[in-house]
Structures are given as structure tokens and as C-alpha cells.
Amino acid sequence: MSATVLVVEDELAIQELVAYSLRNAGYIVVCASSAEQAAKHINEVLPDLVLLDWMLPGRSGVEFARSLRRDLRTKSVPVIMLTARVDESDKVAGLESGADDYITKPFSPRELIARIKAVLRRSLPEATDDILDVGGVKLNPIMHRVTVTDPDDGIHEKELLLSPTEYRLLHFLMAHAERVHTRAQLLDRVWGDHVFVEDRTVDVHIRRLRKALEVAGKADLVQTVRGAGYRFSIRNESEI
Ligand code: CA
């Protein structure tokens, strides 16, 4: 699953260079030249990371970072600030505004990618290539394969056949196992769209995912938390 990065930078030459480097590294890139434009993009699709220039026309990058932190929907989207400033006090101000990291211009594309990767590894485990193994379900992001131990002999591995959406949903739920996600959160993080996709869509795909897992006796791992949403959990309902 490739991560979406929103690049907010008013200097077009830098915006283009950054977008080019990120696309080369496999990221999906959305560009904005002002905080206002960025807000519009975010309202449509929630990015996995925001690369934010400090000096923007109109609303400053620091102000924008603060507003992202205040909003429940964008609160946990990581922000990396881009800036020409080198002053230590500015760095502190940038981090205090809620940024996760800070890169001073000029920077090399390699450094930028390395910093993005490090931040995403913490915030977005489903965007890494780490193999997940939860409750006897194994998901390999490189091979795009999901396997479970055959319930009949307890030894052999059986591959689950999942549609791309069910796969992404399972990947997200497993990467954040034991945590409850609302339908709106799942739409944002799995479908990337909370506006035009209906909540009911989530229920339909959860049902299909359970059906696929049922073959291996693992349907119970995908749990409904009444009034809250869904989670992938190895604990039984009775233990909650
Ligand atoms: Ca600027």
C-alpha cells in the first residue's frame, strides 16, 4: 500500500522537485501552493503525511500545522516542516506547532525520503513492507499474500483469496490490531475518501473479509464493537 503525501510548497521549482523525488520513491503525491489549497485537498482525501513549507503566502505553515493538530480528523496525520531557517528557536517553534520532524533547505532527495520513511514507520505501519503475523493470520506486503495455518492439520499454510479492497482493509486492521476504528476512520484510511463513499460500504467489505477468514476458522478476529466500529483482535468478546 503506497502512502499519499501532500506537499504544501509555494515555490514551484521546489514543489516539482520534491514531487518528482517522492513519486520516484513510490509515493502518491498531491501538491498545494498554499494552506488554503492544502485544506481543500485534505477535506477530500486524508493524506498519510503532510510535507509543509514554513513560509507560505497567506496562512503560514506553522499556523496550518497547528490547525491540523486541533482537528480531530487530521490530528494524527504526521507533518514534516520544510524550511530555509536554521535558527534553533525556529526549530523549536516548528516542533511545538505539532510537526513530527523538521527539514532545513537545501536538502537532498535522499535525506527527504529517509526522513519521510522514518516518520511513516511510526505512524503508518500498513505502508511499510513489514510482515504481519497476528492471531495465526500472516500478511506479507511484498508478496501481497495472506496465509493462515490450515485448521485441518495445523501445519500447512493456506492462502486466502482476497479482493484488493478486502486486502487493504485487512492490512490496515492488522497493522493497528486491538484498536477500534470507526467507519469514518476506515473510509479515510482504507478508501481514502470519507465524503463520497457511504458508511455501509465498510460493513459490506467487513462481511466479505469475515467470510474469507471463515474458511480458516479465523472470522472471529474481525470484531464489531457496538456503537464504535471494528477492530482486529485476538481477544474474545467475552474477555472485553
Ligand atoms: Ca515558501
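Tutor: Strand 1 is joined to strand 3 by 4 bridges, and the two run parallel; strands (E, at least two residues) and helices (H or I, at least four) are DSSP runs, numbered from the N terminus, and two strands count as paired if DSSP finds at least two bridges between them. This is a predicted model, in which local features need pLDDT of at least 70 and side-chain atom pairs count only at pLDDT 80 or more, whereas totals for chains, interfaces and linings use all residues. Residues are numbered from 1 along each chain as its sequence is written, and side-chain values use heavy atoms, with hydrogens and water left out.

Strand 3 is the part I would look at. Within it, Leu 52 is the bridge partner of Val 8, and Leu 52 is also partnered by Met 81 in strand 4. Strand 3 (residues 49–53) and strand 4 (residues 79–83) are paired in the parallel sense through 4 bridges, and Leu 51 has Ile 80 as its partner in strand 4. As for burial, 5 of the 5 residues of strand 3 are buried, where buried means under 20% relative accessible area, exposed over 50% and partly exposed in between, for a 1.4 Å probe and protein chains only. Both faces are covered, with Leu 49, Leu 51 and Asp 53 buried on one side and Val 50 and Leu 52 on the other.

The sheet around these pairings is an open one of 5 strands in the order 2-1-3-4-5, paired in parallel. At its edges are strand 2 (28–32) and strand 5 (101–104), each of which pairs on one side only, and neighbouring strands are turned by 20° against each other on average, direction ignored. Axes here are lines fitted to C-alpha atoms, for helices over the stretch in contact, and angles run from 0 to 180 degrees between N-to-C directions. Helix 1 (residues 12–24) lies across strand 1 (4–8), strand 2 and strand 3, running at about 170° to strand 2, while helix 3 (residues 61–70) lies across strand 3 and strand 4, at about 175° to strand 4.

Across the boundary, 10 residues of domain 1 are in contact with 10 residues of domain 2, contact meaning heavy atoms within 4.5 Å. The two domains bury about 780 Å² between them, 48% of it on carbon and sulfur atoms; this area is the accessible area (1.4 Å probe) that the two parts lose on being put together, summed over both. Ser 123, found in helix 5 (residues 109–123), touches Pro 78, His 176 and Arg 189, leaving out residues up to four places away in sequence. Ser 123 counts as partly exposed because its relative accessibility is 24%.

Strand 6 and strand 7 (residues 137–140) are joined by 3 bridges and run antiparallel, with Val 134 opposite Val 137 in strand 7.

Val 137 leads on to the largest nonpolar core, which has 26 residues, and Val 137, Leu 170, Met 174, Leu 186 and Phe 232 have the most contacts inside it. Such a core is a set of buried Ala, Val, Leu, Ile, Met, Phe, Trp, Tyr and Cys residues joined through side-chain atoms within 4.5 Å. Helix 6 supplies the largest share of this core, 7 residues. Leaving aside neighbours within four places in sequence, the contacts of Phe 232 include Val 134, Val 137, Leu 170 and Met 174.
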